[in-house]
Number of protein chains: 2
Amino acid sequence: MAKSETARQKLLPLLAAHILEKGMGAASLRPLAKAAGTSDRMLIYHFGNKQQLISGILAHIADGYSRQLDASFGADQVASREQAIARVLDFTNSEEMRPFLALWWEIVAGAARDIPGYKENAQSIMVSLLAWFEEQMPEGDPDPAGGARTLLTMIEGAEMFKAIGLPDIPNRGIEAARPL
Amino acid sequence: MAKSETARQKLLPLLAAHILEKGMGAASLRPLAKAAGTSDRMLIYHFGNKQQLISGILAHIADGYSRQLDASFGADQVASREQAIARVLDFTNSEEMRPFLALWWEIVAGAARDIPGYKENAQSIMVSLLAWFEEQMPEGDPDPAGGARTLLTMIEGAEMFKAIGLPDIPNRGIEAARPL
DNA sequence: CTACAACTGTAGCAGTCGCTACAATATTGG
DNA sequence: CCAATATTGTAGCGACTGCTACAGTTGTAG
């Protein structure tokens, strides 16, 4: 099946861009192939079948996402938990994050339905996000590990409300994310 | 197009059951029709087109969900915020809630992608859930409205982590959901 | 140069998709 | 009873789905 690794590496960015823009609902072979300047025939040739193709694209996107996280936040420390959570929520409000978030909820939905590959992908994204966020915790926090989990749970809840167009509901809640 | 309201009311429970079990990915006319003991031809006849059909089914499910909420929780008061949040999380762990939650994330994903109808549906579900949860807040809570929003944000974050198979991440966070 | 492997275009299969045209039957109001 | 209306089955359209068979072309190693 798949022969050339470099061929895949050349296709992946274009395939990823297409999925980020159009969503998993538009992730069928012919549109993907067109977006990548090739044919459905060649996508199967390089990736074996559709499932492996999608897995490859999602993994590629997850990689880019975590690299973007590191790049977007300097090493400057944050002073409080409130500041840490506010910084992340601000960041996810940016226009460039929209496609990632829309895709994220599709991945969550796939994981909740036990579609093969989705749960693994979602977990790897969240585990690395948690590790990254743990480092972002304010210096001297009494419980960075627990705090990061608290705040990340809060953040994800808030992101859900943002996604469905009710961004104000978590507002008051976030103020409550103080260390005990 | 749609003529008989009673005909729709007879079909909706069967259609809803099919979507809850199989997910939106299996929500195409012919399987839905088969599950409801009719034909694709008749679904279009009764509901006009697929979008109105799906909207009707989702609204029906949302109705049933909120009625189930009221039925599953007695009027017995809860003593603390921790107890309120624990009760809801326990409830959502039950097997009968699984289909609702899986469908919920598909609705969130659709809302995040601006698929017509999904955002409205998601909002109406969350608004009524919030209103219900506000009533469930412990008596004497210093800020029931804000607290309900705090806890619901936390709950939804926790539900997401459960959905992707990482139920332990929010655990420590939930202990922190104390009133200020 | 030749043999072999890597790559690619064309065409198509068998299935599903939402939806509709047409014709027939069932029901109901006058 | 008769006419209008409501309901239903059959058949199919044109588009799309993942994937494959076949035939070729290209690149490379001996």
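What distance separates the centres of domain 1 of chain A and domain 2 of chain A, taken over C-alpha atoms?

1. The centres of these two domains of chain A, taken over C-alpha atoms, are separated by 28 Å. Domain 1 covers 1-60 and domain 2 covers 73-175, with bounds that come from an automatic or database domain assignment.

2. A word on conventions: this is a predicted model, in which local features need pLDDT of at least 70 and side-chain atom pairs count only at pLDDT 80 or more, while totals for chains, interfaces and linings use all residues. Residues are numbered from 1 along each chain as its sequence is written, and chains are lettered from A and ligands numbered from 1 in the order in which they are written.

3. Between the two domains of chain A, the contact (C-beta atoms, placed from the backbone, within 7 Å) takes nine residues from domain 1 and eight residues from domain 2. On the domain 1 side, the elements giving two or more residues are helix H1 (5-22) and helix H4 (50-72) of chain A, where helices are DSSP runs of H or I with at least four residues, numbered from the N terminus. H4(A) gives the most to that side, with four residues.

4. Within chain A, the axes of helix H7 (residues 118-136) and helix H8 (residues 144-163) come within 9 Å and cross at roughly 120 degrees; the axes are lines fitted to C-alpha atoms over the stretch in contact, and angles run from 0 to 180 degrees between N-to-C directions. H7(A) and H8(A) are therefore oblique to each other, a class that is left once angles under 35 degrees, over 145 and from 65 to 115 are set aside as roughly parallel, roughly antiparallel and roughly perpendicular. From H7(A), A:Leu130, A:Phe133 and A:Glu134 meet A:Pro144, A:Ala145, A:Ala148, A:Arg149 and A:Leu152 in H8(A).

5. Turning to the two chains, their contact takes 36 residues from chain B and 36 residues from chain A. On the chain B side, H6 (98-112), H7 (118-136), H8 (144-163) and H9 (169-175) each give two or more residues, and the largest share, eleven residues, comes from H8(B).

6. Chain B can be laid on chain A with an RMSD of 0.0 Å by a turn of 180 degrees and a shift of 0.0 Å along the axis, the copies being superposed by least squares on the C-alpha atoms of residues with pLDDT of at least 70 in both. That is the relation of a two-fold axis. Of the residues of chain B, B:Gly157 comes closest to the rotation axis, at 1.9 Å (C-alpha).
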